[in-house]
Amino acid sequence: MSEQTLSEWTPPKVWRNKASGGKFANINRPKSGPTHDKALPIGKHDLQLYSLGTPNGVKVTIMLEELLEAGVSAAEYDAWLINIMEGNQFGSGFVDVNPNSKIPAFMDRSGDTPVRVFESGAILMHLAEKFDMFLPKSGTARAECLSWLFWQMGSAPYLGGGFGHFYAYAPMKIEYCIDRFAMEVKRQLDVLDKQLAQNEYIAGNDMTIADFAIYPWYGGMARGLLYEAGEFLDVKSYKHLQRWTQQLAARPAFRRGQLVNRYWDEKGLKERHAASDFDGLL
Ligand SMILES: N[C@@H](CCC(=O)N[C@@H](CS)C(=O)NCC(=O)O)C(=O)O
């Protein structure tokens, strides 16, 4: 039974927009589409990323840095900053690339016709198929990798939009919401812990796009970097998740990828246009 007393609120017949408070209240709105005209910059590489150094953004930069680490020079990229707190995701050029107005958004300009890709999972798959790396071609291994990739897409909103929002960003601490989402996130951490007890990487013996997708959210949580909730969720108790997290955290490409578009950190990069941009940072 809840320890908290909440005053009752009866929803009106039809919902109306009003100030709700909370960290993202000033950028939230109930309509899609652009709020202003703004073309996106285009750099010198074929691959153009429009993003921010959040868990969803660094999935893509980790993968691009792993491709470069493996010697795939065609994976060179420009990463432009989209500051979502300033509403850059509602500029007309960005909305043309992602009608959903969320980072990361990506343009592949390597062919005759530029290809837009939005949703981090779709970007990871596009890169994996383009360079034939980090996604098994067929059979059980491919099914396993894609199952975990889509597990992440479906699960992380409970971690971020559910638990993180109510634990760290909502204007008041609501016991019911925090309990509900803490329960779900603990269950997810246990799912990963059990999978990683049997497998070196998320989808088996090889590192895949499932690792790139899952690490920024669940590795970040395991390291206690998200929402200052490490102790609250007792993340140290997930031993196999901890082992995998530390293994990936030590990889140079993971370290580089996590610095990209991290404009608020003096050790981060606002934008990334060349490998030399990391000089002196790691
Ligand atoms: N399912 C999307 C989620 C992307 C997402 O939620 N991006 C957030 C930042 S981490 C965003 O751009 N928020 C801006 C907004 O909601 O206006 C993906 O995986 O690409």
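Which residue is the bridge partner of Gln 48 in β2? The partner is Asp 78, and the legends below place this pair in its sheet. The model is a predicted one, in which local features require pLDDT of at least 70, side-chain atom pairs count only at pLDDT 80 or more, and totals for chains, interfaces and linings use all residues. Residues are numbered from 1 along each chain as its sequence is written.

Figure 1. Strands (E, at least two residues) and helices (H or I, at least four residues) are DSSP runs numbered from the N terminus. Two strands are taken to pair if DSSP finds at least two bridges between them.

**Figure 2. The parallel pair β1 and β2.** Strands β1 and β2 run parallel and are joined by 5 bridges. The chain passes from β1 through α1 to β2 in a right-handed β-α-β crossover. Right-handed here denotes a clockwise path from the first strand over the helix to the second, with the strands pointing away from the viewer. Within this pair, Leu 47 stands opposite Tyr 77 of β2, and Gln 48 has Asp 78 as its bridge partner.

**Figure 3. Burial of β1 and β2.** In β1, 5 of its 5 residues are buried, and in β2, 4 of its 5 residues are buried. A residue is classed as buried if 20 or more other C-beta atoms lie within 10 Å of its own, as exposed if 12 or fewer do, and as partly exposed in between, with C-beta atoms placed from the backbone. In a regular strand the side chains alternate between the two faces of the sheet. Both faces of β1 are covered, with Leu 47, Leu 49 and Ser 51 buried on one side and Gln 48 and Tyr 50 buried on the other.

**Figure 4. The antiparallel pairings of β3.** Strands β1 and β3 run antiparallel and are joined by 4 bridges; here Tyr 50 stands opposite Ala 105 of β3. Strand β3 (residues 105-108) also pairs with β4 in the antiparallel sense, over 4 bridges. In that pairing, Asp 108 stands opposite Val 115 of β4.

Figure 5. The residues surrounding the ligand are Ile 27, Thr 54, Asn 56, Ile 84, Gln 89, Ser 101, Lys 102, Ile 103, Pro 104, Glu 119 and Ser 120. The shell divides into 4 nonpolar, 5 polar and 2 charged residues. Ala, Val, Leu, Ile, Met, Phe, Trp, Tyr, Cys and Pro count as nonpolar, Asp, Glu, Lys and Arg as charged, and the others, Gly among them, as polar. Ile 103 and Pro 104 are joined by a cis peptide bond with omega about 0°. Pro 104 lies in the loop between α2 (92-97) and β3.

Figure 6. Tyr 227 lies in the loop between α6 (209-222) and α7 (239-249). Its phi is near 60°, a positive value in a residue other than glycine. Tyr 227 counts as partly exposed because it has 19 C-beta neighbours inside 10 Å. Asp 234 also lies in the loop between α6 and α7 and has a positive phi of about 50°, although it is not a glycine. Asp 234 is exposed, with 11 other C-beta atoms within 10 Å.

**Figure 7. The surroundings of Gly 257.** Gly 257 lies in helix α8 (residues 252-257) and is buried, with 27 other C-beta atoms within 10 Å. Leaving aside neighbours within four places in sequence, Gly 257 is in contact (C-beta atoms, placed from the backbone, within 7 Å) with Val 58, Thr 61, Ile 62 and Glu 65. Gly 257 and Leu 64 are 193 residues apart in sequence and 7.6 Å apart in space, C-alpha to C-alpha.

Technical notes. A residue is near a molecule or strand if its C-beta atom, placed from the backbone, lies within 6 Å of it. Two residues are in contact if their C-beta atoms, placed from the backbone, lie within 7 Å.
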